[in-house]
Amino acid sequence: MTVTVSTGASSSSFARALRITVYAIVAILIYLIVLWRALVLAGELRAGSTLLNAIVQALTRFDAVGNEFLAQALQQTVNALSIGAIYALIALGYTMVYGIIELINFAHGDIFMLGAFLSVVFIGGIMGHNEAVTDIALLTFLIGGALLFSMPIIGLLNVGIERLVYRPLRNAPRLAPLITAVGVSFILQNVALTVAGSGDRRAPQIFPDWKIAFGGAQISVLLIFIFILSLALMLALQAFVARTRLGRAMRATAQDREASALMGVDANQTIALTFLIGGMLAAVAGVVWGLRFGYVKFDLGFNSGLKAFTAAVLGGIGNITGAVLGGFIIGFIENLSASLGYARWSEFLVFMVLTFVLLFRPTGILGQHSGDRA
Amino acid sequence: MSATIAARTSPAGPPSPRARIEDLATRHRSSAIVVGMLIIAVGLIVLPKIPPLSLIDREDPWYDTFANAGVYILLAMGLNVVVGLAGLLDLGYAAFFAIGSYTYAYSNSPFAGTDFPFLPMLLVGASVAAVFGIALGAPTLRLRGDYLAIMTLGFGEIVPIVFLNLDTWTLGTNGIGGIYRPDPLPLIGEFTPLTPFAYFILMVGIVTVAMILLYRMQDSRIGRAWNAIREDELAAAANGINTVTTKLLAFAIGATTAGLAGVFNASKLTIVSPEQFGFAVSFIVLAMVILGGMGNIWGVAVGAFIVYEIQVQGFKQLNKVVEGLAIPVLKDVNFTDYQYLLFGGALVLMMLFRPEGLFPSQRRRRELHIAEELAGPADDEIDVAAGAAMAGSLGATPGSGEDQPG
């Protein structure tokens with residue numbers, strides 16, 4: 001199981017980037033169209049037409065009423081991209097840790113949750129109220145400050161957890177670190193529970209309600225901001241792993257820890273670095289979660305963590321591109337069920353996806369097939 | 001089994017009384033369990049009547065907690081089959097508990113409109129749970145340890161969600177209430193909210209039967225097959241063990257025990273609702289198994305009893321003691337709020353310092369420390385890694401046989 005990143009020369013990596021961009025745009029367009037038609041179908045059913053009639057309408061109706069649903073679908077697609085980006089950021093932490101020490105870090109979701117809490121502490125501490133900030137300089141300072149505040153703390157916390165409880169168990173039987181991770185997850189969750197209480201805590205929604213009118217839809221600037229910020233971080237991570245010396249050390253350690261140690265790679269340091277990066281990305285996800293949803297809760301990490309883990313498995317665990325892809329797919333699935341009015345079944349759906357992926361393609365979409373593992 | 005005992009005891013001349021009792025207990029395990037449970041039951045009946053327990057609470061509340069602890073003992077013994085004996089980490093075990101409970105709710109409540117006899121319903125609830133155990137086990141057969149953990153975790157999440165969302169059939173968050181209590185049994189008498197003693201006696205009976213069956217299974221061909229697939233699945237398969245049926249059986253037996261616990265729990269609480277079966281239940285049962293000592297049925301049962309009593313009585317008493325001490329910082333601390341924090345911490349510490357649990361089985365202890373035994377006292381990382389690799393090739397560390405990097 002390796003952290004797979006193409007290391008090809010610049011010309012082929014440009015072609016690869018272009019190819020991925022094209023794929024991504026096609027996928028988003030397909031989702032948009034599917035959601036649009038599904039909304040038409042649901043609308044027809046709600047209006048009382050028969051199933052057959054509704055299906056015919058869903059396939060053929062392109063009049064003004066049908067186009068109203070297009071605006072809705074557009075809005076929901078942007079929604080899906082932003083939540084998918086959050087899942088992808090969390091999934092990266094799962095996948096990198098699994099890639100390097102083959103541990104499902106159950107506590108990772110709770111690391112994300114603590115990141116969300118820290119951003120609330122920072123922004124709430126400075127602003128103290130819930131008003132939108134329209135001054136761009138102040139807004140940049142607040143969001144940048146929240147990121148710079150929570151990323152190092154959460155990253156180092158993750159490293160500390162690794163150092164204290166995972167490292168001593170690195171050569172123990174497999175169940176031991178796994179159970180430990182479950183224990184750590186429970187500890188973090190209950191620390192948050194004791195400090196912040198069991199209810200929802202409001203996160204200051206400082207991002208103003210800016211909208212861009214596009215194709216009849218009002219698209220929130222915040223969602224686009226989240227998407228672009230996450231995408232930029234993912235690209236930066238990709239470049240880091242593919243091009244830097246430390247990134248190469250990470251890939252080498254993931255491939256064969258002992259052999260890379262013999263080549264002079266410090267395994268402990270590399271693994272710590274992996275936890276640091278994973279924790280920092282989770283902290284970013286936490287900060288944007290607070291901006292996007294306006295609340296944080298102690299058990300946030302459990303559900304989001306499970307979904308992000310599903311994303312990592314779906315994409316092919318250990319694979320960075322796969323985790324991003326999986327994150328967006330999970331975002332789409334969740335959004336589709338929510339847009340059609342089945343929001344409370346979205347978790348059920350995500351777990352069914354996990355089950356089917358594990359059953360029929362345990363290596364995920366982009367994972368390499370590797371013997372009888374998984 | 002008896003051959004090894006004979007070999008162990010024969011050359012030492014006249015065996016010591018302790019060895020003779022151990023030998024007798026091993027040969028007549030079922031009788032030993034009955035005797036042991038009788039002694040414990042008598043002890044538990046007497047203890048609340050005398051200090052210090054009688055100072056803390058009246059008798060009936062004690063019997064009530066003992067009966068409830070029995071539910072967790074059953075759950076822990078069942079999970080022990082899956083995790084401790086077969087080595088399959090199940091993080092969604094509460095799902096089977098839920099299925100057992102809802103089965104009873106669907107047959108013995110005003111909502112269902114029927115009232116079947118209790119004892120047969122125990123078997124029905126257990127069987128329904130077993131069917132779901134197989135249904136979950138079947139798709140996971142190909143999965144390796146950590147994927148299995150995630151999938152069972154998903155299953156454990158899905159089941160309460162389904163019970164919650166299908167509110168036409170399950171009454172959603174409110175749950176199904178007014179469930180009928182067990183019918184009066186000879187010698188035990190009526191089951192009412194005022195007779196926790198009857199529930200306690202019934203629970204002792206159920207735990208005894210479950211324990212006898214589980215011990216018999218553990219010492220049988222099936223039990224050895226479970227051990228074999230835990231230690232090295234590939235080697236077990238090569239030696240003619242049908243890993244498919246063996247794993248399915250582990251899931252089924254684990255689920256059966258949870259189903260028993262579920263039926264008892266539903267009939268005692270008289271209400272079932274989805275939030276009784278969250279991840280916290282799976283987690284606490286796992287903590288019980290690990291604290292007690294994975295793989296050791298008695299140890300797990302004792303671990304479950306202790307953890308449950310700490311949960312419901314220990315923290316309360318600690319609060320009282322701390323309040324009495326009047327230490328400024330600790331005075332307002334409610335320890336019940338911190339229970340999961342403490343259990344999470346206990347789990348981590350156990351894994352780090354005593355992974356075999358408080359009452360380990362001999363086999364498990366050796367398994368978990370074989371890397372140290374082989375590598376000796378050296379701290380050097382590569383040496384320890386080599387020791388672990390060697391242990392893996394000896395088939396002692398589960399999963400490490402497949403650890404070749406992909």
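## Contact between the chains

Helix 6 of chain A, residues 175-196, packs against helix 16 of chain B, residues 339-353, with the two axes 8 Å apart and at an angle of about 155°. This is a predicted model. Since angles over 145 degrees count as roughly antiparallel, helix 6 of chain A and helix 16 of chain B are therefore roughly antiparallel to each other. Their crossing is left-handed.

On the chain A side, the residues of helix 6 in this contact are Ala176(A), Ile179(A), Thr180(A), Gly183(A), Val184(A), Phe186(A), Ile187(A), Asn190(A), Val191(A) and Thr194(A). They meet Tyr340(B), Leu341(B), Gly344(B), Gly345(B), Leu347(B), Val348(B) and Met351(B) of helix 16 of chain B. By class, the residues of the contact of helix 6 of chain A with helix 16 of chain B are 11 nonpolar and six polar, with no charged ones.

## Helix 16 within chain B

Helix 16 of chain B also packs inside its own chain: its axis and that of helix 14 of chain B (residues 279-292) come within 10 Å and cross at roughly 40°. That angle makes helix 14 of chain B oblique to helix 16 of chain B. The crossing of helix 14 of chain B and helix 16 of chain B is left-handed.

Helix 14 of chain B contributes Ala280(B), Ile284(B), Ala287(B), Ile290(B) and Leu291(B) to the contact, and helix 16 of chain B contributes Tyr340(B), Phe343(B), Ala346(B), Leu347(B) and Met350(B). The contact of helix 14 of chain B with helix 16 of chain B has 10 nonpolar residues, no polar and no charged ones. Tyr340(B) and Leu347(B) take part in the contact with helix 14 of chain B and also in the contact with helix 6 of chain A.

## Chain B overall

Chain B has 18 helices and zero strands. Of its 406 residues, 45% are buried. Among contacts in chain B between residues at least 6 apart in sequence, 73% join residues at least 24 apart.

Helix 11 of chain B, residues 221-231, has Ile222(B), Ala225(B), Trp226(B), Ala228(B), Ile229(B) and Arg230(B) as buried residues. These buried residues pack against helix 5 (59-85), helix 10 (196-218), helix 12 (233-238) and helix 13 of chain B.

## Buried positions in chain A

In helix 8 of chain A, residues 245-255, the buried residues are Gly247(A), Ala249(A), Met250(A), Arg251(A), Ala252(A), Thr253(A) and Ala254(A). Their cover includes helix 3, helix 7 (221-243), helix 9 (257-262) and helix 10 (267-293) of chain A.

Met234(A) lies in helix 7 of chain A. Met234(A) counts as buried because it has 20 C-beta neighbours inside 10 Å. Leaving aside residues up to four places away in sequence, Met234(A) touches Ala88(A) and Val324(A). Glu162(A) is 72 residues from Met234(A) in sequence and 23 Å from it in space, C-alpha to C-alpha.

## Positive phi in two loops

Glu102(A) is not a glycine but has a positive phi of about 55°. Its place is the loop between helix 3 (64-101) and helix 4 (108-127) of chain A. Glu102(A) counts as buried because 21 C-beta neighbours lie inside 10 Å.

Thr270(B), also a residue other than glycine, has a positive phi near 60°. Thr270(B) is in the loop between helix 13 (243-269) and helix 14 of chain B. With 16 other C-beta atoms within 10 Å, Thr270(B) is partly exposed.

## Confidence

The model scores ipTM 0.80 and pTM 0.83. Chain A averages a pLDDT of 84, and 94% of its residues score at least 70. Among the elements of chain A, the lowest mean pLDDT is that of helix 2 of chain A (residues 51-60), at 78, and the highest that of helix 10 of chain A, at 92. In chain A, pLDDT stays under 50 over residues 6-10, for which the model has five contacts beyond four places in sequence. It also stays under 50 over residues 369-374 of chain A, with 14 such contacts.

Chain B averages a pLDDT of 81, and 86% of its residues score at least 70. Over residues 1-7 of chain B the pLDDT is below 50, and this stretch has four contacts beyond near neighbours in sequence. Residues 378-406 of chain B also stay under 50, and the model has 57 contacts for them beyond four places in sequence. Where pLDDT is low, the predicted coordinates should not be read in detail.

Technical notes:
Residues numbered from 1 in each chain as written. Chains lettered and ligands numbered in written order. Predicted model: local features only at pLDDT ≥ 70, side-chain atom pairs only at ≥ 80, totals over all residues. pLDDT = per-residue confidence, 0-100. Contact = placed C-beta atoms within 7 Å. Helix = DSSP H or I, 4+ residues; strand = E, 2+ residues; numbered from the N terminus. Buried ≥ 20, exposed ≤ 12 C-beta atoms within 10 Å, placed from the backbone. Axes fitted to C-alpha atoms, helices over the stretch in contact; angles between N-to-C directions. Parallel < 35°, antiparallel > 145°, perpendicular 65-115°, else oblique. Left-handed = near helix turned anticlockwise from the far one by under 90°. Nonpolar A, V, L, I, M, F, W, Y, C, P; charged D, E, K, R; others polar.
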